[in-house]
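Subject: Structure handover

Hello,

Here is the structure for you to look at. My notes follow below it.

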Amino acid sequence: MVLVTFETPKPTRAELLAAYGTTIPDLVGPGMRVLLVGINPSLWSGWAGVHFARPANRLWRTLYEAGFSDRLLHPSDTAALTAAGIGITNLVHRATARADELDNAELQAGVQKLRRLVRKHRPAFVAFLGLSSYRIAFGQPKARVGRQVEPLEGATVWLLPNPSGINAHYQQPDLTKAYAELRAAVAAMKAE
């Protein structure tokens with residue numbers, strides 16, 4: 001397998017600092033089967049205006065390796081992502097340098113907005129990308145990676161590791177394996 005890399009211009013420090021608090025619109029569309037829920041946009045994403053824009057973020061490689069796409073997508077390939085039935089949102093919509101800049105109340109407040117989005121677009125699966133944020137937002141301190149018991153507005157909930165390059169708990173093969181389990185569940189549902 002050959003992985004294609006993309007050259008992304010680097011923002012200046014001033015541009016990153018100016019991205020604090022910016023928001024990125026939800027990426028949703030008709031036929032969405034999986035809604036990926038991040039914690040919040042990074043400053044790099046706020047600067048670029050697209051989800052998971054930082055080159056060190058492993059989401060795009062993981063989606064490709066797990067079989068969600070037939071090629072390695074770039075964060076700007078939004079049409080290809082929605083065509084694959086995948087959408088993206090965040091629990092908290094404001095960009096920060098680090099997720100630890102968010103407080104528990106912000107994560108918990110994001111749940112109601114997420115519920116409205118899921119009711120409106122009806123994805124079959126809602127996949128949270130980050131254990132800690134899910135545990136805090138939903139009051140589930142012992143939640144583990146994988147399918148969760150409680151649905152969200154009728155959608156099956158799946159908990160996945162955060163694909164951030166700073167998540168040292170999951171190396172690339174482990175990320176791919178966890179995301180591939182969700183992909184298999186999506187394919188099984190489609191086959192029914």
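How many residues of E1 are buried? The count is 5 of the 5, so E1 is largely enclosed by the rest of the structure. Buried here means under 20% relative accessible area, exposed means over 50%, and partly exposed lies in between (1.4 Å probe, protein chains only).

Two notes on the source. This is a predicted model, in which local features need pLDDT of at least 70, side-chain atom pairs count only at pLDDT 80 or more, and totals for chains, interfaces and linings use all residues. Residues are numbered from 1 along each chain as its sequence is written, and side-chain values use heavy atoms, with hydrogens and water left out.

Overall picture

The chain has 7 helices and 5 strands. Helices (H or I, at least four residues) and strands (E, at least two) are DSSP runs, numbered from the N terminus. Along the sequence the pattern reads α-β-α-α-α-β-α-β-α-β-β-α. The radius of gyration is 16 Å, close to the 16 Å from the globule rule for 192 residues, so the chain is as compact as a globular protein of that length. That radius is taken over C-alpha atoms, and the rule is 2.2 Å times the number of residues to the power 0.38. The C-alpha trace spans about 50 × 45 × 35 Å along its principal axes.

Of the 192 residues, 45% are buried. Take the contacts with a separation of 6 or more: residues 24 or more positions apart account for 73% of them. A contact means heavy atoms within 4.5 Å.

The sheet

The 5 strands form an open sheet with mixed pairing, in the order E2-E1-E3-E5-E4. Strands E2 (86-90) and E4 (146-147) are at the edges with a single partner strand each, so one side of each has no neighbour in the sheet. Two strands pair if DSSP finds at least two bridges between them.

Now back to E1, residues 34-38. Val34, Leu36 and Gly38 point one way, Leu35 and Val37 point the other way, and all are buried. E1 runs parallel to E2, joined by 5 bridges. In that pairing, glycine 38 has asparagine 90 of E2 as its bridge partner. E1 also pairs with E3 (residues 125-129), in the parallel sense over 4 bridges. There, valine 34 stands opposite phenylalanine 125, and leucine 35 has valine 126 as its bridge partner.

A helix position

Valine 111 sits in helix H5 (residues 104-121). Valine 111 counts as buried, at 6% relative accessibility. Leaving aside residues up to four places away in sequence, valine 111 touches Leu91, Ala137 and Phe138. Tyrosine 134 is 23 residues from valine 111 along the chain, and their C-alpha atoms are separated by 9.6 Å.

Two backbone points to check

Most residues other than glycine have a negative phi. Which way does phi go at arginine 122, negative or positive? Phi of arginine 122 is positive, near 55°. Arginine 122 lies in the loop between H5 and E3 and is exposed, with a relative accessible area of 52%.

Glutamate 153 is not a glycine either, and has a positive phi of about 50°. Glutamate 153 is in the loop between E4 and strand E5 (156-160). Its relative accessible area is 25%, which makes glutamate 153 partly exposed.

Best wishes
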